[in-house]
Amino acid sequence: QNKNIVEIKSSSALPWQKYEKNYFEQAIKSGKPILIDFFADWCAACKELESETFSDPRVQVLASNFILIKFDATNDSPELTELKKQFSIQGLPTIIFYNKKGEWENSFTLTAFENPTLFSERLRKVLSK
């Protein structure tokens, strides 16, 4: 599992934390908005988001206001099954947003590739909640 943490951090333009239930529960109480990225190695749109959207300077500036959490959904697991139910995940990518009050902003959930301009706009809207 440590291998995943290293891969997530080194291959990404953003400073992600690996999803852990306790960490997520603390993040909700932090007063900061949260972005959770569910991704998989086999997901082409996930790789596109990583290489084109998350690497964009505008996205990086806005994302610095969020607690950034990544969940590796490459392989099925009991935890993944539970989270799929919790967040109504149908496929990947799925990016979930919580506002600074710790409320899930379901209407902002992203389930496809989105270019940096549109993604920046999405981040701005969540920040204004």
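This is a predicted model: local features need pLDDT of at least 70, side-chain atom pairs count only at pLDDT 80 or more; totals for chains, interfaces and linings use all residues.

Student: In which sense do β2 and β3 pair, and over how many bridges?

Tutor: The strands β2 and β3 pair in the parallel sense over six bridges. On the other hand, β2, which covers residues 34–39, pairs with β4 in the antiparallel sense over five bridges, and within that pairing Phe38 has Thr94 as its partner in β4.

Student: What is the order of the strands in the sheet, and which strands are at its edges?

Tutor: The sheet is open, with four strands in the order β1-β3-β2-β4 and mixed pairing. Its edge strands are β1 (17–18) and β4 (94–98), each of which pairs on one side only. Helix α6, residues 116–127, packs on this sheet and touches β2 and β4, its direction making about 25° with that of β4. As for β1, it runs parallel to β3 and is joined to it by two bridges, with Gln17 finding its bridge partner in Ile69.

Student: How should I read a pair of aromatic rings, and what is the geometry of the pair formed by Phe97 and Phe119?

Tutor: A pair of aromatic rings is described by the distance of the centres and the angle of the planes. The count here comes to twelve aromatic pairs, and the one formed by Phe97 and Phe119 is tilted, at 6.2 Å centre to centre and 45° between the planes. Since Phe97 lies in strand β4 and Phe119 in helix α6, the pair ties together parts that are 22 residues apart in sequence. Phe97 is buried at a relative accessible area of 0%, and Phe119 likewise counts as buried at 0%. Ring pairs also link Tyr19, Phe24, Phe38, Phe71, Phe87, Tyr98 and Trp104 into a cluster.

Student: Over which rings does Lys70 lie?

Tutor: The charged end of Lys70 sits over the ring of Trp16, 4.5 Å from its centre, and Lys70 also lies over the face of Phe39, at 4.6 Å from that ring centre.

Student: How do I read a nonpolar core, and which residues have the most contacts inside the largest one?

Tutor: In soluble globular proteins, nonpolar side chains tend to be buried together. The largest nonpolar core in this model has 17 residues, and those with the most contacts inside it are Leu35, Ile95, Phe97, Phe119 and Leu123. The elements that give two or more residues to this core are α4 (57–63), β4 and α6. A second, separate core of 16 residues includes Ile34, Phe38, Ile89 and Ile96.

Student: Where does Ala63 lie, and what does it touch?

Tutor: Ala63 lies in helix α4 and counts as buried at 2% relative accessibility. Not counting residues up to four places away in sequence, Ala63 touches Leu14, Leu68 and Leu123. The C-alpha atoms of Ala63 and Leu35 are separated by 8.4 Å, although these residues are 28 apart along the chain.

Student: What should I look for in the backbone of the loop between α5 and β4?

Tutor: Most residues other than glycine have a negative phi, and most peptide bonds are trans. In the loop between α5 (78–87) and β4 we find Pro93, which is joined to Leu92 by a cis peptide bond with omega of about -5°. The loop between α5 and β4 also holds Ser88, whose phi is positive, at about 50°, although Ser88 is not a glycine.

Key
Residues are numbered from 1 along each chain as its sequence is written. Side-chain values use heavy atoms; hydrogens and water are left out. Two strands pair if DSSP finds at least two bridges between them. Contact means heavy atoms within 4.5 Å. Axes are lines fitted to C-alpha atoms, for helices over the stretch in contact, and angles run from 0 to 180 degrees between N-to-C directions. Rings of Phe, Tyr and Trp (its six-membered ring) pair if their centres lie within 6.5 Å; planes under 30 degrees apart count as stacked, over 60 as edge-to-face and the rest as tilted. Buried means under 20% relative accessible area, exposed over 50%, partly exposed in between (1.4 Å probe, protein chains only). A charge sits over a ring if NZ of Lys or CZ of Arg is within 6 Å of the ring centre and within 35 degrees of the ring normal. A nonpolar core is a set of buried Ala, Val, Leu, Ile, Met, Phe, Trp, Tyr and Cys residues joined through side-chain atoms within 4.5 Å.
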